[in-house]
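Notebook open, viewer open. I'm jotting things down as I look them up, one topic per entry.

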Amino acid sequence: MDKRASIQWFPGHMNKARNEIKEVMPQMDLVIEVIDARIPYSSENPMVAALRGEKPVIKILNKADLADPELTQAWMDYLEQQDGVKAIACDTEKANDVKRIIAICKHLVPNKVGTGRQIKAMIMGIPNVGKSTLINTLAGRAVAKTGDEPAVTKSQQLIKLDDDIMLYDTPGMLWPKVENENSGYRLAATGGIRDTAFDFADVASYTAEYLMQAYPELLKTRYKIEELPKTDWEFF
Ligand SMILES: Nc1nc2c(ncn2[C@@H]2O[C@H](COP(=O)(O)OP(=O)(O)OP(=O)(O)O)[C@@H](O)[C@H]2O)c(=O)[nH]1
Ligand SMILES: [Mg+2]
């Protein structure tokens, strides 16, 4: 296939979100960054690192139920080597998975536990990665709006989890230009970029090529075929 077009997408509400986050960040005790376990490299937003500064962070490899478990484990080991970083894998729709996060928050901010002062945690990440779902599962009720498309959450929302923890839900953010072509396609294929921002055929071709090479056996099982064809187009 010919060279694919690069992906550029940074709607106004994301810029607004970035400025608002910058303003409230000094009051935060920690950041919970949600990344997509299927594309950890491409879904880590460099703006999150810049905005959080020295605050501790829990990196959640989310949608782990859809990802390769071996790679997810390798990523957790890698991320935990960084200063102030705790990493866990989650399916945020499962209460048992997310309950561990509360204990980690308390562990990372020990000076507030038992003082009557709430731990304040900011939830950040790219669009559609599961930030609001995480909050709902933690809260045990639908407090934040969710949906299977990017940019569902449009502004910050404050949620009191219990007497100990306060969560800030934030709109998903991408960085102004996704320079890395692979990252652009991976973000589009997993639903982080709105589908008006890219060409379907390009993304499908990229994804088919990758999956045929990385997971041929899974594709054969999924589509009930004996042999994979040679090209992505034949595969379609
Ligand atoms: N399979 C799977 N789906 C998930 C998981 N977490 C969230 N989802 C789904 O992903 C979609 C997006 O979830 P949201 O919680 O709205 O994502 P968000 O990060 O708040 O998105 P924005 O507010 O648009 O930035 C929804 O359809 C969820 O049901 C998970 O761990 N596994
Ligand atoms: Mg949301």
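**Entry 1: a bridge in the sheet.** I started with Ala-121, which stands opposite Leu-167 in S6. This is a predicted model, so I keep that in mind throughout. The two strands concerned are S4 (residues 119-125) and S6 (residues 165-169), and they pair in the parallel sense over five bridges. I also looked up Lys-120 and found that its bridge partner in S6 is Met-166.

**Entry 2: the other neighbour of S6.** S5 pairs with S6 too, but in the antiparallel sense, over four bridges. Leu-158 has Tyr-168 as its bridge partner in S6.

**Entry 3: is S6 buried or exposed?** Five of its five residues are buried, so S6 is largely enclosed by the rest of the structure. I checked the faces separately. Ile-165, Leu-167 and Asp-169 lie on one side, Met-166 and Tyr-168 on the other, and all are buried, which leaves both faces covered.

**Entry 4: the whole sheet.** Next I wrote out the strand order: S3-S2-S1-S4-S6-S5, an open sheet of six strands with mixed pairing. Which strands stand at the edges? They are S3 (85-89) and S5; each has a single partner strand, so one side of each is left without a neighbour in the sheet. From one strand to the next the twist averages 25°.

I went back to S3, as an edge strand. Four of its five residues are buried, so S3 is largely enclosed by the rest of the structure. Its pairing with S2 is parallel, over five bridges, and Lys-59 has Ala-87 as its bridge partner in S3.

**Entry 5: helices on the sheet.** H5 (residues 95-108) packs on the sheet and touches S1 (30-36), S2 (57-62), S3, S4 and S6. Its direction makes about 170° with that of S3. H6 packs on the sheet as well, touching S1, S2, S4, S5 and S6. For H6 I noted an angle of about 155° with the direction of S6.

**Entry 6: the magnesium ion.** Which residues coordinate ligand 2? I found Ser-132 through OG and Thr-153 through OG1, at 2.0 to 2.2 Å. The pair links distant parts of the chain, 21 residues apart: Ser-132 is in H6 (residues 131-139), and Thr-153 is in the loop between H6 and S5 (157-160). Both Ser-132 and Thr-153 are buried.

**Entry 7: the largest pocket.** Its volume comes out at about 940 Å³. There are 32 lining residues, and the closest to the centre are Arg-38, Thr-207, Tyr-210, Leu-211 and Tyr-215. Which helix gives the most to the lining? It is H8, with six residues. The helices that each supply at least two lining residues include H2 (40-43), H4 (69-80), H7 (181-189), H8 (200-214) and H9 (216-223).

Entry 8: Asp-199 is in the loop between H7 and H8. Its relative accessibility is 41%, so I log Asp-199 as partly exposed.

Phe-235 is in H10 (residues 232-235). At 18% relative accessible area Phe-235 is buried, because the cut-off is under 20%. Leaving out residues up to four places away in sequence, Phe-235 touches Ala-208, Met-212, Leu-219, Tyr-223, Ile-225, Leu-228 and Pro-229. The C-alpha atoms of Phe-235 and Asn-45 are 32 Å apart, for a pair 190 residues apart along the chain.

**Entry 9: positive phi.** Most residues other than glycine have a negative phi, so I noted the exceptions I came across. Asn-128 has phi near 65° and lies in the loop between S4 and H6. Lys-224 has phi near 50° and lies in the loop between H9 and H10. Which of the two is buried, and which exposed? Asn-128 is buried, at 15% relative accessible area, whereas Lys-224 is exposed, at 74%.

Terms used: Residues numbered from 1 in each chain as written. Chains lettered and ligands numbered in written order. Predicted model: local features only at pLDDT ≥ 70, side-chain atom pairs only at ≥ 80, totals over all residues. Heavy atoms only, no water. Donors = N, O, S within 2.8 Å, 3.2 Å for Na, K, Ca; no water. Buried < 20%, exposed > 50% of the residue type's maximum accessible area, 1.4 Å probe, protein only. Pairing = 2+ DSSP bridges. Axes fitted to C-alpha atoms, helices over the stretch in contact; angles between N-to-C directions. Contact = heavy atoms within 4.5 Å. 1 Å grid on protein atoms, 1.4 Å probe; cavity = no way out; pocket = protein on both sides within 12 Å on 5 of 7 lines; lining within 4 Å. Points joined across faces, edges and corners; volume = space filled by probe spheres on them.
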